[in-house]
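Dear colleague,

I am handing over the structure below, followed by some notes on what was found in it. Please read the notes with the coordinates open beside them.

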Amino acid sequence: MTEQLIDLRSDTLTKPTAGMRAAMAAAEVGDDVYSEDPTVRQLEERVAAIFGHEAALFTPTGSMANVLAVRSVVGVGEEILCESSAHIARAELGAHAAYTGLTMRTWTGDRGGLDLDAVRSMFAPDMGPFFVPTRAISIENTHNFGGGSVLPVEEMQALRAFASGVGAAVHLDGARIWNAHVATGVPLEVYGGLVDVLAVCLSKGLGAPVGSLLVGSAAAVAEGRVWRKRMGGGMRQVGILAAAGLHALDHHVERLAEDHANAAVLAEACGIDPAGVDTNIVAVDVPEAASVVAAAREAGVLVSAVGPRTVRAVTHLDVSAAQAQQAASVLAKVLDDLR
Ligand SMILES: Cc1ncc(COP(=O)(O)O)c(C=O)c1O
């Protein structure tokens with residue numbers, strides 16, 4: 001029966017808590033296209049301050065925040081460099097090409113990581129009509145398809161130094177930057193200070209039902225506001241959703257450590273060194289992902305296939321430590337039976 005299933009497919013599956021729903025119900029609202037929603041403004045100001053940037057813009061999705069963020073630093077006929085399994089390259093359905101008219105070139109990093117040598121050799125300066133000019137480099141922290149891997153802050157610092165030296169911008173897909181912060185203790189402001197523009201999500205580990213933000217300069221956010229409306233993302237009394245985000249920032253950041261501990265339990269059961277699982281995502285190499293997904297479902301645990309031979313299990317707000325233990329036993333048995 002559905003209610004007995006332990007759902008580890010994604011951290012986007014959480015349902016708003018009673019406290020979050022109460023905060024949403026009590027939210028003061030106004031028309032946000034008129035910039036008159038006080039709760040949205042509060043959220044935007046708070047998130048901009050958290051990352052040490054001038055401004056932020058509430059968006060319905062992380063994908064939209066990424067498109068707005070990237071297009072603030074890369075134009076038509078220009079390129080961005082990113083990792084080959086980056087969400088912007090693999091899972092935003094060509095939005096950056098469709099809306100912005102940019103191109104991407106990719107490097108392949110271990111667990112989605114940065115390869116600065118590759119970036120150095122790929123970087124193309126402006127050469128008029130000969131090469132697509134590189135305007136920005138994108139990183140993802142934590143990296144979704146890299147198994148929730150943290151990009152070490154030292155590597156971000158090295159990238160910042162390189163990018164500043166060649167006049168390129170740095171974009172951060174920080175959908176799960178909160179997980180990186182909790183796993184490493186690196187302050188969010190430090191992460192923010194190393195990039196020109198970023199996108200962050202409230203609807204992943206933080207447990208809000210909807211909502212992401214573009215974070216950057218006042219100019220990037222002003223332009224993002226126009227493009228958000230152009231893309232159909234101008235929302236009205238959306239303080240109801242922003243209130244969920246504010247509640248999440250108050251109550252759901254530090255608790256991500258529980259998700260990370262639960263992921264370590266799953267990792268161990270799946271025969272993975274927990275030291276290689278940085279946050280809340282466990283990626284397991286298996287002979288055939290579809291059979292593992294089906295057998296786990298049969299035993300009451302939902303996981304997803306993110307490749308023909310890779311299964312992903314994600315811990316989140318709606319998975320307790322006891323459920324993680326139970327899921328760990330199920331997955332250990334399923335993998336044992338199929339190996
Ligand atoms: C790393 C990363 N960036 C961006 C997104 C996009 O978020 P949304 O699904 O809200 O568009 C996701 C979604 O899972 C993600 O994992």
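To begin with the surface, Asp 126 is exposed, at a relative accessible area of 52%, and please bear in mind throughout that this is a predicted model. Asp 126 forms a salt bridge with Arg 135, their closest N and O atoms being 3.2 Å apart, and Arg 135 for its part counts as partly exposed at 26% relative accessibility. Through salt bridges that share partners, Glu 78, Asp 126 and Arg 135 are joined into one network.

The count of salt bridges comes to 15, and two further pairs deserve a mention. Asp 32 and Arg 228 meet through their side chains at 3.5 Å, N to O; because Asp 32 lies in the loop between helix 1 and helix 2 while Arg 228 lies in helix 10, this pair ties together parts that are 196 residues apart in sequence. Asp 32 is buried at 1% relative accessibility, and Arg 228 is buried as well, at 3%. Asp 250 and Arg 46 form a salt bridge with their closest N and O atoms 2.8 Å apart, and since Asp 250 belongs to helix 11 and Arg 46 to helix 2, the pair links parts 204 residues apart in sequence.

As for the ligand, one of its oxygen atoms lies 2.6 Å from a side-chain N or O atom of Ser 63, and an oxygen atom of the ligand is 2.8 Å from a side-chain N or O atom of Arg 176. The protein covers 83% of the 390 Å² of accessible area that the ligand has on its own.

Definitions and conventions. Residues numbered from 1 in each chain as written. Predicted model: local features only at pLDDT ≥ 70, side-chain atom pairs only at ≥ 80, totals over all residues. Heavy atoms only, no water. Polar contact = N/O pair within 3.5 Å; in protein donor to acceptor, adjacent residues only side chain to side chain. Areas by Shrake-Rupley, 256 points an atom, 1.4 Å probe, with all protein chains shown as cover. Salt bridge = Lys/Arg side-chain N within 4 Å of Asp/Glu carboxyl O. Helix = DSSP H or I, 4+ residues; strand = E, 2+ residues; numbered from the N terminus. Buried < 20%, exposed > 50% of the residue type's maximum accessible area, 1.4 Å probe, protein only.
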